[in-house]
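Subject: The structure we talked about

Hello,

Please have a look at it first and then read on.

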Amino acid sequence: MKQLLLSVMTITLVGLMIVGGALASLSDTETSRANSITVATLDLVVNAENPLQSTLIALDNMLPGQYEEVEVQLTNEGSQGGNSWLMFTGLICTTGAYVEPETAIEGDTPIDEVYSKIVVSVNGEEQGTLAELENIIIPLTMLEPDGDRDAGTTVALGFLVMEDVGSEYQGDVCEFTLVFGLDQA
Ligand SMILES: [Ca+2]
Ligand SMILES: [Ca+2]
C-alpha cells in the first residue's frame, strides 16, 4: 500500500513537471504610453476680431446709382479647414428722416422697403437684393487652418442703391445683421 502511494505521488510529480515544462516559452511585450485622441477645432476670425463685435457696414448718404464696397478679412484659427459663408438676417427697414418730398409722394402710406432696392455683390458677383438674400446662406471660400501658407481670405461686399430709387426712399434706413460662418469641410 505504501509503495502504491509512493508510485502515485511519483507519477503525479512527473506529470506536473511535464505540464510545467510545456507552459514555459519565450515571450516579449512592448508598451506605448500617453496615447490620446483630440477633436479638431474650427475657429473663424473676422477682421482679426474673435469674437467679432464691430459693425462692419455703415454706409450713409447713399445716392441712387451709388455703389460702395467694404472688405472683410476672414481667417481660420482652428486646426481643421472649413467652408466659409455669410448671411444677411434680421432686416428692418424704417422711414428714417421723414422729409417733405417723401411725405408728398407717400401721403398716408409709407414706402419704406428700401431693402428691395439695394443690390448686394460678393467679390464683384451680384447676389440679389437684400430682400431676396435675407436668411440665405451665401457660400464663400474654403478656409485652411491658420499657419497654412494661403490661410485667410478677403471678401469684398458690394452694395448698390438702384438707380430707380426715388424720393419715396429719401432718408429711409435699412438695418441688418451680418453673420459669417465656418463649417467643417
Ligand atoms: Ca471665432
Ligand atoms: Ca420712405
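**Overall fold**

The protein chain holds three helices and eight strands, where helices (H or I, at least four residues) and strands (E, at least two) are DSSP runs numbered from the N terminus. Read from the N terminus, the elements follow the order α-β-β-β-α-β-β-α-β-β-β.

A word on conventions: this is a predicted model, in which local features need pLDDT of at least 70 and side-chain atom pairs count only at pLDDT 80 or more, while totals for chains, interfaces and linings use all residues. Residues are numbered from 1 along each chain as its sequence is written, and chains are lettered from A and ligands numbered from 1 in the order in which they are written.

Of the 185 residues in the protein chain, 14% are buried; a residue is buried if 20 or more other C-beta atoms lie within 10 Å of its own, exposed if 12 or fewer, and partly exposed in between, with C-beta atoms placed from the backbone. Among contacts between residues at least 6 apart in sequence, 82% join residues at least 24 apart. Two residues are in contact if their C-beta atoms, placed from the backbone, lie within 7 Å.

**The sheet**

Five strands form an open sheet in the order S1-S2-S7-S4-S5, with antiparallel pairing; two strands pair if DSSP finds at least two bridges between them. S1 and S5 are the edge strands, each pairing on one side only. From one strand to the next the twist averages 30°, with axes taken as lines fitted to C-alpha atoms (for helices over the stretch in contact) and angles running from 0 to 180 degrees between N-to-C directions.

S7 (residues 153–161) pairs with S2 over eight bridges and with S4 (residues 118–122) over five bridges. Phe159 in S7 stands opposite Glu68 and also opposite Val120. Four bridges then join S4 to S5, and Ser121 has Glu126 in S5 as its bridge partner.

Gly124 sits in the loop between S4 and S5 (125–129). Gly124 counts as exposed because it has 8 C-beta neighbours inside 10 Å. Its C-alpha atom is separated by 7.1 Å from that of Gly158, 34 residues apart along the chain.

**The cores**

The largest nonpolar core has 10 residues, including Phe88, Val114, Tyr115, Ile118 and Val161. A nonpolar core here is a set of buried Ala, Val, Leu, Ile, Met, Phe, Trp, Tyr and Cys residues joined through C-beta atoms within 7 Å. Strand S3 (82–94) and helix H3 (130–133) are the elements that give two or more residues to this core. Another core, of six residues, lies apart from it, with Val45, Val46, Leu143 and Leu182 among them. In soluble globular proteins, nonpolar side chains tend to be buried together.

Leaving aside neighbours within four places in sequence, Tyr115 is in contact with Leu91, Cys93, Thr129, Leu130, Ala131 and Cys174.

**Backbone details to look at**

Asn50 and Pro51 are joined by a cis peptide bond with omega of about 10°. Pro51 lies in the loop between S1 (44–46) and S2 (67–76). Ala48 is also placed in the loop between S1 and S2, and has a positive phi of about 65° although it is not a glycine. Ala48 is exposed, with 9 other C-beta atoms within 10 Å.

Ala34, likewise not a glycine, has a positive phi of about 55°. Ala34 belongs to the loop between H1 (2–23) and S1, and is exposed because it has 4 C-beta neighbours inside 10 Å.

Best wishes
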